[in-house]
Amino acid sequence: MNLVHWLVTLKCNHNCYYCFFKLKPDNNKILSNDAIVDFWNNTNKIWDFKLTGGEPFLYPDFIDLCGKLTQSNHTIFIDTNLSLSLDELHKFIQKVSTDKVGLILASMNNKNEQDIEPFIEKARLLMEKGYRFDSTYVLHPLRYDKVDETTAILNRNNIPLTVQRFLGKYGGKEYPTCYDKEILEKYFPEGLKDNCFNPKEKSAVCGAGYNYVYVNPDYEIYSCMPYSNKKENKIGDISLNKIKLGTGYKQCNLNTSCPCLNMLVCADIIKL
Ligand code: SF4
Ligand code: SF4
């Protein structure tokens, strides 16, 4: 597996209070979709693209980009708030073959929860057309009283929902490490087993920079997101048509837990 985790835009039309990112209005520059797809094709690898944001469907010509990546045999995974219109969704269905979509992961956030019918309609359409679909529910402490009802509504419509841990601070506590035992037992039993909820004791060996790269909204390429905080860690740039991939798995030098564990990629890129 070769994985590109690409934060295509920091723009978002929702405003979740538990949002992980500091969202901003626009990308600094926009490259043509053809140039982007040629760039990845020239690496001579087939990539799985985890396309996220912000809201990736707000990136200019995003549906065309998805079409071109998948027509070049790459696979895409999309993290979305599913706010695109039904018309746009039909365009997506026309352009992007189901067998090249690993997963569409839609966030059941507060805004969708308040107006749930359009979310259900779009989710059902995607599933009826054969796309792999899941929805996520970030369990912020302020949402404890809503999660079960929303889960039940989606389940009645045969729409899957995965409860996700909240990463951040609330009420002077740090999450997910500060969830109460009852919440862990009910929603995250794996969190009781001292895995990704706690900092790892030893650093991991992983494929970051080799079979896994992170791309920021300015098309700069880093081995992974935690290493993207320093320009000297840059290993490529799509706008400069440059990338220098590593030759194998390496020891991670971070002593904190790997934040990438939250991106559902750890099983494939990290050998603990
Ligand atoms: S939909 Fe996602 S990116 Fe947008 S504000 Fe909510 S959590 Fe942040
Ligand atoms: S373990 Fe995580 S933080 Fe460390 S190099 Fe790998 S992906 Fe990056």
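A residue is buried if 20 or more other C-beta atoms lie within 10 Å of its own, exposed if 12 or fewer, and partly exposed in between, with C-beta atoms placed from the backbone. Trp40 counts as buried because it has 22 C-beta neighbours inside 10 Å.

This is a predicted model, in which local features need pLDDT of at least 70 and side-chain atom pairs count only at pLDDT 80 or more, while totals for chains, interfaces and linings use all residues. Residues are numbered from 1 along each chain as its sequence is written, and chains are lettered from A and ligands numbered from 1 in the order in which they are written.

**Overall**

The protein has 272 residues, of which 33% count as buried. Its secondary structure comprises eight helices and 15 strands. Helices (H or I, at least four residues) and strands (E, at least two) are DSSP runs, numbered from the N terminus. Two residues are in contact if their C-beta atoms, placed from the backbone, lie within 7 Å. Among contacts between residues at least 6 apart in sequence, 73% join residues at least 24 apart.

Trp40 sits in helix α1 (residues 33–41). Leaving aside neighbours within four places in sequence, Trp40 is in contact with Trp47 and His74. His74 is 34 residues from Trp40 along the chain, and their C-alpha atoms are separated by 9.2 Å. His74 is also touched by Phe49, as are Val4, Trp6, Leu69, Ile76 and Phe77, not counting residues up to four places away in sequence.

Phe49 belongs to the largest nonpolar core, which has 51 residues; Phe49, Ile76, Ile104 and Val215 touch the most other members. Strand β1 (residues 3–9) gives this core its largest share, five residues. Such a core is a set of buried Ala, Val, Leu, Ile, Met, Phe, Trp, Tyr and Cys residues joined through C-beta atoms within 7 Å.

**The sheet**

Ten strands form an open sheet with mixed pairing, in the order β6-β5-β4-β3-β2-β1-β10-β11-β12-β13. Its edge strands are β6 (161–165) and β13 (242–243), each pairing on one side only. Two strands pair if DSSP finds at least two bridges between them.

| Pair | Sense | Bridges |
|---|---|---|
| β2 (residues 48–53) and β3 (residues 75–80) | parallel | four bridges |
| β11 (residues 220–222) and β12 (residues 234–237) | antiparallel | three bridges |
| β12 and β13 | antiparallel | two bridges |

Asp48 stands opposite Thr75 in β3. Ile221 has Gly236 in β12 as its bridge partner. Gly236 in turn is bridged to Ile243 in β13. The β12 and β13 hairpin has four residues between the strands, and Asn241 there takes a positive phi near 60 degrees.

**Helix α6**

Helix α6 (residues 147–156) lies across β5 and β6, running at about 170 degrees to β5. Axes are lines fitted to C-alpha atoms, for helices over the stretch in contact, and angles run from 0 to 180 degrees between N-to-C directions.

**Ligand 1**

Around ligand 1 are Cys12, His14, Asn15, Cys16, Cys19, Gly53, Gly54, Glu55, Asn81, Ser107 and Asn109. A residue is near a molecule if its C-beta atom, placed from the backbone, lies within 6 Å of it. By class, this shell has three nonpolar, seven polar and one charged residues. Ala, Val, Leu, Ile, Met, Phe, Trp, Tyr, Cys and Pro count as nonpolar, Asp, Glu, Lys and Arg as charged, and the others, Gly among them, as polar.
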